[in-house]
Amino acid sequence: MSGVSGVPDPAHDPAAASAAAGRAAPATADPATTNPPATNPPATNPPATEPTAEPTAEPTAEPTAEPTAEPTAELSADEWRRLRGLVPAVLGALVRRHGHFDLCEDAVQEALLAAAVQWPREGRPANPRAWLLTVASRRLLNRLRSEAARRRREEHAAVLAPADPPDPAPAGDDTLTLLFLCCHPTLTPSAQAALTLRAVAGLTTAEIARAYLVPEPTMAQRISRAKQRIRAAGATFDLPPHAERSARLRVVLEVLYLLFNEGYTASSGDDLLRPDLTAEAIRLTRELRRLVPDDGEVAGLLALMLLTDARRPARTAPDGSLVPLAEQDRSRWDTAAIAEGVALVTDALATKPLGPYQLQAAIAAVHDEAPTADATDWPQILALYGLLERLAPGPMVTLNRAVAEAMVHGPEAGLRLLATVEVDDRVAGRHHVDAVRAHLLEMAGDRAGAHAAYLRAARRTTSTPEQRYLHARAARVADAVGPGAGAGAGAGAGAGEAWAASEAGEAEVVEVVVDRVRA
Amino acid sequence: MKYMLLIYGNESVWNSVPKEEFEEIVRQTDAQNRALFESGELVGAYGVADQDMAKMVRVNGDGAPAVTDGPYAEAKEYLASFTIVDCDSLERALEIAAANPASRYTGVEVRPLMHEAKLDV
């Protein structure tokens with residue numbers, strides 16, 4: 001097996017190199033800021049945000065296999081997706097043959113960019129995977145040769161690629177191995193996510209940078225640093241030992257769910273420049289499910305993603321504002337995704353050990369299966385939150401249970417439960433507590449209290465759409481002139497439940513948050 | 001999560017810093033920015049030109065912009081520089097702020113930046 005460690009010099013990430021070369025080094029103090037007036041503390045110039053130059057077209061030495069299609073100006077989104085789908089297999093083959101995960105990863109990225117430039121101009125190769133592997137191998141060997149020459153100058157012997165490559169493992173194994181490697185526990189969550197997007201999903205650094213709205217050099221450096229850390233940790237391109245596999249798989253699931261939630265934005269669907277992280281997360285989780293079919297939590301996470309994403313078409317109003325669950329047009333939900341998610345979670349619950357993702361998927365399924373908001377089976381949701389709280393206790397779960405509790409037993413019961421959790425340091429001062437309290441107070445008919453709590457929540461959130469939503473709720477409560485106004489606020493005694501159901505949307509706001517925070 | 005680290009100027013503070021000490025502050029700031037760039041956390045770091053260079057633009061009812069010199073005259077402290085970082089937690093942002101030499105003089109204000117994700121988690 002090839003180790004990913006072993007290259008002594010980390011300064012060979014082309015992305016990092018181009019980032020450093022393309023602009024003034026960030027450590028170089030700009031005279032404009034360090035000169036007088038001395039009353040200004042210094043700051044250095046930032047790395048500029050213009051994209052680093054993509055590699056120029058391949059020389060003619062690159063393979064230009066028989067064109068199979070008319071050349072077009074650029075690859076279609078579909079072609080690009082298919083091309084990216086080849087990345088794990090190509091990268092895996094390269095690493096198993098040569099070692100040096102970090103250098104191989106760069107080489108594959110360069111080959112991808114070369115394909116994007118060359119294929120539209122010169123035609124698509126008959127065997128895209130072989131093309132990518134050939135180009136990436138050549139890039140890698142060039143790199144290793146210059147590396148070797150450098151080391152020879154330093155009086156070290158250099159051994160290049162072995163003559164007989166080992167038998168390639170099935171591509172599926174490579175994807176799994178890569179996922180474990182990219183989600184290495186020594187990396188921070190943002191580094192795990194970025195590296196997974198590049199080395200497993202095959203996104204370019206520029207695309208990942210756009211997805212996270214950071215300058216490309218920042219993202220290039222984050223990825224480069226992640227690879228250095230993996231090497232420093234001595235990780236190898238192997239599946240983790242059996243004893244560790246379960247714990248490592250949990251980390252992979254957390255990273256995938258993080259990606260899913262990062263992509264959970266109003267605009268990602270129609271913004272061509274920003275890759276759809278939600279779709280990538282679902283694609284990767286689906287792949288993981290294929291590779292690890294027996295793990296109930298992998299199935300649970302895939303189900304949770306599908307059941308949540310199914311509501312995406314109804315979740316945003318034409319003006320971009322959030323539409324709460326209770327007010328969504330359920331005819332716009334994706335019924336195929338719901339059916340798949342329900343089948344997945346039903347099977348997992350019946351045959352696998354219970355887990356938090358499965359329970360959250362089950363809760364999402366109860367929502368998705370209700371023909372109307374009023375028909376939501378809140379007692380079942382409450383029971384599921386009770387189970388979830390026992391399995392994975394935490395203040396965010398309790399917050400959600402407080403909403404369900406209010407739906408079943410009335411707002412006072414929910415508020416009582418809320419009181420037990422709002423002092424928890426992990427949620428104290430965060431907008432979630434205020435949003436839930438506002439919702440429960442509104443249910444209880446305390447408009448002044450609800451108004452104040454909505455405004456407090458709005459001040460504390462850093463999500464712009466969520467802030468707009470909370471302000472709108474605050475305004476709606478303030479505008480209501482009587483107990484019968486607004487959303488039919490349970491004027492009659494005993495009408496609390498129907499009113500509650502019509503207001504259930506906020507539950508989702510909190511619900512979806514649960515696992516992010518726990519993770 | 002992105003955070004903005006704001007450093008405000010105050011003439012009496014920065015004028016009282018000896019030259020060598022100020023150069024050390026510059027050196028430490030450069031070193032911190034380099035470290036933040038290398039960790040992939042630095043989105044940008046900018047020094048703001050002196051308030052003498054500041055302009056205030058107001059558009060009144062007639063739609064014509066009126067440009068005047070300077071910020072609000074009564075401000076005792078003015079923005080001197082800002083840094084934007086993208087890091088994993090508030091705790092990390094506070095750690096970065098504490099490592100900035102200005103934290104020993106004027107303090108460093110840490111403000112989360114709003115984002116477009118629908119849920120704030």
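**View 1. The order of elements in chain B.** From the N terminus on, chain B runs β-α-α-β-β-β-β-α-β. Chain B thus contains three helices and six strands (helices are DSSP runs of H or I with at least four residues, strands are runs of E with at least two, and both are numbered from the N terminus). The model is predicted: local features need pLDDT of at least 70, side-chain atom pairs count only at pLDDT 80 or more, and totals for chains, interfaces and linings use all residues. Residues are numbered from 1 along each chain as its sequence is written, while chains are lettered from A and ligands numbered from 1 in the order in which they are written.

**View 2. The overall form of chain B.** The radius of gyration of chain B is 17 Å, well over the 14 Å that the globule rule gives for 121 residues, so chain B is more spread out than a compact globule (the radius is taken over C-alpha atoms, and the rule is 2.2 Å times the number of residues to the power 0.38). Along the principal axes, the C-alpha atoms of chain B fill a box of roughly 50 × 50 × 20 Å.

**View 3. Helix 12 and helix 13 of chain A.** The axes of helix 12 (residues 277-291) of chain A and helix 13 (residues 296-309) of chain A come within 9 Å and cross at roughly 150 degrees (axes are lines fitted to C-alpha atoms, for helices over the stretch in contact, and angles run from 0 to 180 degrees between N-to-C directions). Helix 12 and helix 13 of chain A are therefore roughly antiparallel (an angle over 145 degrees). Among the residues that meet are Ala281(A) and Ile282(A) in helix 12 of chain A, and Leu302(A) and Met305(A) in helix 13 of chain A (contact requires C-beta atoms, placed from the backbone, within 7 Å). The residues of this contact divide into nine nonpolar, two polar and three charged (Ala, Val, Leu, Ile, Met, Phe, Trp, Tyr, Cys and Pro are nonpolar, Asp, Glu, Lys and Arg charged, and the others, Gly among them, polar).

**View 4. Helix 18 and helix 19 of chain A.** Helix 18 (residues 395-409) of chain A and helix 19 (residues 411-421) of chain A pack at about 165 degrees, with their axes 6 Å apart. This angle makes the two helices roughly antiparallel. Residues in this contact include Leu399(A) and Ala402(A) of helix 18, and Leu417(A) and Leu418(A) of helix 19. By class, the contact has ten nonpolar, three polar and two charged residues.

Technical notes. Angles under 35 degrees count as roughly parallel, over 145 as roughly antiparallel, 65 to 115 as roughly perpendicular and the rest as oblique. Two residues are in contact if their C-beta atoms, placed from the backbone, lie within 7 Å.
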